[in-house]
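I opened this entry to work through the packing of the chain, and I wanted to see the sequence and the structure side by side before writing anything down.

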Amino acid sequence: FQDRLAHQAHHDALTGLPNRLAVLAALDTADPDAPLAVLFAALDGFKSVNDMQGHLVGDHVLTDVGNRLRRHVRRQDVVGRIGGDEIVMVMNRVDSDADVLEFAHRLVAELEQPYEFDGSTFTLSASVGVATFPSGLGEERLTPLDAIRRADGAVYAAKARGRGHVEVYDSDLEERLTRNAEIEHSLRSAIRDHELELHLQPVLDLGTGTFTSAEALVRWKRPGIGLVPPGDFIPIAEKSALIEDIGRWV
């Protein structure tokens with residue numbers, strides 16, 4: 001009974017994969033000076049499977065994904081489900097970053113293979129974020145959560161590029177993520193402090209040349225900076241609840 005409890009505490013009930021607790025433990029007990037890589041995989045459009053096919057089919061897909069990944073990881077590696085359609089792989093003692101990237105692309109190809117359930121066949125894609133630590137986590141004094149956060153940031157960037165992409169965490173990505181986080185934080189204050197403006201763009205009837213309606217465009221006049229281009233803050237707002245706050249303001 002104690003063995004079963006211990007297993008349940010460290011494994012996902014649906015897929016049988018190690019859970020978030022087990023993944024963190026694997027990172028915590030890894031050799032701090034040995035090369036390490038963390039891969040964060042997320043299925044593209046998985047929500048639509050649950051919405052259109054039902055949660056039973058979604059559960060079947062996740063179980064199939066777990067079985068596929070088990071067959072691809074090495075004996076010394078750990079693959080776990082940390083929630084929803086999010087899978088994390090810990091690769092111990094990797095030879096090179098190139099080997100990790102090759103493995104990541106193989107994972108994408110494997111997860112794109114058709115899924116079958118109850119006579120129906122459908123396909124999905126996956127995005128993978130990669131964080132490599134050539135000298136282990138000890139050199140930068142990183143925690144297991146730090147390692148997962150980097151891989152999570154990379155998969156976030158991969159999804160922004162579209163479906164089926166692999167993205168590597170590096171200094172440029174870190175700077176971009178830091179900048180986006182700063183914009184999101186400032187945008188929350190902007191809504192509260194009335195820094196948003198509404199510009200009405202006229203719509204003309206080309207046949208008559210007359211004004212027919214107007215399109216409402218949100219602009220952010222940021223103190224000390226000026227007008228922030230919509231492309232800099234609207235996509236960030238759309239990935240959070242802020243877009244709803246902006247909609248209510250409009």
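This is a predicted model: local features need pLDDT of at least 70, side-chain atom pairs count only at pLDDT 80 or more; totals for chains, interfaces and linings use all residues.

**Entry 1, Lys 159.** I looked up Lys 159 and found this residue in helix H6, which covers residues 144–160. Its relative accessibility is 36%, so Lys 159 counts as partly exposed. Leaving aside neighbours within four places in sequence, I listed the contacts of Lys 159 as Ala 42, Leu 43, Asp 44 and Ser 127. I also checked Lys 159 against Glu 116, 43 residues apart along the chain, and noted that their C-alpha atoms are separated by 25 Å.

The largest nonpolar core has 31 residues, and Leu 39, Leu 43, Val 61 and Met 89 are the ones that touch the most other members. The elements giving two or more residues to this core are strands S1 (36–44), S3 (86–92) and S6 (125–133), together with helices H3 (46–53), H4 (55–72) and H5 (97–111). The largest share, six residues, comes from H5. Not counting residues up to four places away in sequence, I found that Leu 43 touches, among others, Val 61, Leu 62, Val 65, Leu 111 and Leu 124. Another core, of 24 residues, lies apart from this one, and includes Val 78, Ile 82, Tyr 169 and Leu 173. I set beside this the general remark that nonpolar side chains in soluble globular proteins tend to be buried together.

Which residues of H3 are buried? I noted Phe 46, Val 49 and Asn 50. Seen down the axis of H3, its buried residues fall within an arc of 95 degrees, and therefore they line one face of the helix. An α-helix has 3.6 residues a turn, so residues three or four places apart point the same way. On the other side of H3, I found Lys 47, Asp 51 and Met 52 exposed. The cover over the buried residues of H3 includes S1, H4 and strand S5 (120–122). Just after H3, I noted that Gly 54 takes a positive phi of about 100 degrees.

Trp 249 lies in helix H9 (residues 242–249), and with 31% relative accessibility I recorded Trp 249 as partly exposed.

Definitions and conventions:
Residues are numbered from 1 along each chain as its sequence is written. Side-chain values use heavy atoms; hydrogens and water are left out. A nonpolar core is a set of buried Ala, Val, Leu, Ile, Met, Phe, Trp, Tyr and Cys residues joined through side-chain atoms within 4.5 Å. Buried means under 20% relative accessible area, exposed over 50%, partly exposed in between (1.4 Å probe, protein chains only). Helices (H or I, at least four residues) and strands (E, at least two) are DSSP runs, numbered from the N terminus. Contact means heavy atoms within 4.5 Å. The arc is that of the directions from the helix axis to the C-beta atoms.
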